[in-house]
Amino acid sequence: MTTRAYALPDPETQPEFYADVPVKRLFAWIIDMVLIGILSALVLPLTLFTGIFFFGLIFIVMSFIYRVVTIANGSATLGMRFVGIELRTQQGERFELGHAFLHTLGYSISLSFGVLQLISVVLMLTTSRSKGLTDHVMGSVAINRAARY
C-alpha cells in the first residue's frame, strides 16, 4: 500500500480550499475573456485587418492557445491567478501540458453546446468540490491557492 505525498483537500475537513470557488471561477472567466479579446484584437493588424471578417474564429483560436499555455505554465489562467484559484489533478498535482490541453478541450466542447455548459454550471454550484463537467470527467478540481510564505 502506498500513500500519496499530496492529495486533494477534503471539502468536509478543509472547506477553505473550496470557499467561493464558483464565484471566483466566474470572475476569472470574465477577466480571461477580456484578455483574450485584447489578444485577438492585437492579431488583427497581422491579417491586414481582413481578420475582422472572421474575428470569431480568431477569438476561438486565441482562447484555446491562451488557456492551454497559461494553464500549462501555472495550473491556472491569468484570471484564475488574479482571483486566487488553481486547477489540480485527481492526485492533487498541478496541471502539465497534457492536462491543460485536455481541460481546455473539454471546456471548449462544453462551451460549444449550451446544455453541456448549463450542466457544468449546475455541477459547480451543487457539488461539494464545485467541479464542472470537464472536472468530473478528468477528476480535476479548482481550489483556492494555499498562501505562500
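Reply: First, a definition: axes are lines fitted to C-alpha atoms, for helices over the stretch in contact, and angles run from 0 to 180 degrees between N-to-C directions. Helices (H or I, at least four residues) and strands (E, at least two) are DSSP runs, numbered from the N terminus. This is a predicted model: local features need pLDDT of at least 70, side-chain atom pairs count only at pLDDT 80 or more, and totals for chains, interfaces and linings use all residues. Residues are numbered from 1 along each chain as its sequence is written, and side-chain values use heavy atoms, with hydrogens and water left out.

Me: Which pattern does the protein follow along the sequence?
Reply: The protein has six helices and two strands. Read along the sequence, the pattern is α-α-α-β-α-α-α-β.

Me: At what angle do the axes of helix 1 and helix 2 cross?
Reply: Helix 1 covers residues 21–43 and helix 2 covers residues 55–72. Their axes come within 9 Å. They cross at roughly 120°.

Me: What does that make helix 1 relative to helix 2?
Reply: Angles under 35 degrees count as roughly parallel, over 145 as roughly antiparallel, 65 to 115 as roughly perpendicular and the rest as oblique. The crossing angle is roughly 120°. That makes helix 1, relative to helix 2, oblique.

Me: How many nonpolar residues has the contact of helix 1 with helix 2?
Reply: Contact means heavy atoms within 4.5 Å. Residues of helix 1, including Trp29, Met33 and Ile36, meet residues of helix 2, among them Phe55, Ile58 and Phe59. Ala, Val, Leu, Ile, Met, Phe, Trp, Tyr, Cys and Pro count as nonpolar, Asp, Glu, Lys and Arg as charged, and the others, Gly among them, as polar. By class, this contact of helix 1 with helix 2 has three polar, two charged and 12 nonpolar residues.

Me: Is Ala41 buried or exposed, or partly exposed?
Reply: Ala41 lies in helix 1. Buried means under 20% relative accessible area, exposed over 50%, partly exposed in between (1.4 Å probe, protein chains only). At 38% relative accessibility, Ala41 counts as partly exposed.

Me: How far apart in space are Ala41 and His136?
Reply: In sequence, Ala41 and His136 are 95 residues apart. In space, C-alpha to C-alpha, the distance is 33 Å.

Me: At what angle do helix 2 and helix 4 cross?
Reply: Helix 4 covers residues 97–112. The axes of helix 2 and helix 4 come within 8 Å. They cross at roughly 145°.
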